[in-house]
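Here are a few friendly notes to read alongside the model. Have it open in your viewer and follow the points in order.

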Amino acid sequence: MIDWTDRHCRAFHRLLSRRALLYSEMITAPAIIHGDRARLLDHDADGPAALQLGGSDPAQLAQAARIAAGWNYAEINLNVGCPSDRVQSGCFGAVLMKSPALVAACVRAMQDASPVEVTVKCRIGVDEQQPAEILPAFLAAVEQAGVRRVIIHARKAWLNGLSPRENREIPPLDYPLVHAMKAAFPALHLSINGGIGSLQEARAQLAVMDGVMIGRAAYHDPWAILGQADALWGETPPLAAPLDAALAMRGRIAAHLAAGGRMHQITRHMLGLFHGRPGARAWRRILSERGAGGTLQDYDAALTAAGG
């Protein structure tokens, strides 16, 4: 979710759910070491958040984890699943499925530096690997390194020949293999990811798995996923309707504009809030057309179009 789940996105999503664990976009270890740490790491601490790191150098990852300790994340996650070209060129992401010993070295270094739990997100395999062979071997390696929580994207990644988007759609999902890993590694907390587009599907997965990660479906239709997610914990969701979320975001948008920010930096994450509801098209159109130089009055126009 690079360039998607930034701090503004997560602040919006946190309004919708008190309980969901919200992941940052994948941030490379060198970016945290050398870049604008506040911009990269700031987040609303009200609710659980996980920092997802990209990298393959144990020392750099440890340094990034040490720096992130001051930002109150509940978890630091190592991405071993992203198939994008720029990730491969840096020798991290899904290509690390080919180097389980290096992944183990990375997580050990991160654990030594981090006061919070270190987790891993992976694929079931890459390229010509046989998932039924590579996935259990990979899980055994990270478990031996001290990892206790793993999120598994239930698709293989093809590092050559498929785009990142195609890698999310073309390789077939293999839920039975991931379910088998839960039986084979009972001590691991295993979550499943990939192709899950509704809370009903999430509930079905939770009958087998310890957790469910939902990415793009939650981004594109946040009310249907996050707006109802707290019911999975038997709790009443914090807001009653999408309009309540839109109104609650108005103050944050006003403060952001007053500080010199641009409206679209926040509202680009909110385009799907009214998905499938009256006013959704006008809401999206106004925010898309006016967002770059938008004012609070423009946001109010979008609210009015959506029924507020």
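1. The crossing of helices α4 and α6 is right-handed (the near helix is turned clockwise from the far one by less than a right angle; for a left-handed crossing the turn is anticlockwise). The axes of α4 (residues 58-68) and α6 (residues 100-113) come within 8 Å and cross at roughly 30°. That makes α4 roughly parallel to α6, a term for angles under 35 degrees. Axes here are lines fitted to C-alpha atoms, for helices over the stretch in contact, with angles from 0 to 180 degrees between N-to-C directions. Helices (H or I, at least four residues) and strands (E, at least two) are DSSP runs, numbered from the N terminus.

2. A word on the source: this is a predicted model, in which local features need pLDDT of at least 70 and side-chain atom pairs count only at pLDDT 80 or more, while totals for chains, interfaces and linings use all residues. Residues are numbered from 1 along each chain as its sequence is written, and side-chain values use heavy atoms, leaving out hydrogens and water.

3. Which residues make the contact between α4 and α6? From α4 come Pro58, Leu61, Ala62, Ala65 and Arg66, and from α6 come Leu102, Ala105, Cys106, Ala109, Met110 and Ala113 (contact means heavy atoms within 4.5 Å).

4. The buried residues of α4 are Leu61, Ala62, Ala64, Ala65, Ile67 and Ala68, where buried means under 20% relative accessible area and exposed over 50%, with a 1.4 Å probe and protein chains only. They pack against α2 (29-34), α3 (37-41), β3 (49-54), β4 (75-80) and α6.

5. Asp57 caps the N-terminal end of α4, with a side-chain oxygen 2.9 Å from the backbone nitrogen of Ala59.

6. Asn72, in the loop between α4 and β4, has a positive phi of about 60° and is exposed at 53% relative accessible area. Asp127, in the loop between β5 (117-123) and α7 (131-144), has a positive phi of about 50° and counts as buried at 12%.

Methods. Angles under 35 degrees count as roughly parallel, over 145 as roughly antiparallel, 65 to 115 as roughly perpendicular and the rest as oblique. A polar contact is a pair of N or O atoms within 3.5 Å; within protein, one must be able to donate a hydrogen and the other to accept it, and residues adjacent in sequence count only if both atoms are side-chain atoms.
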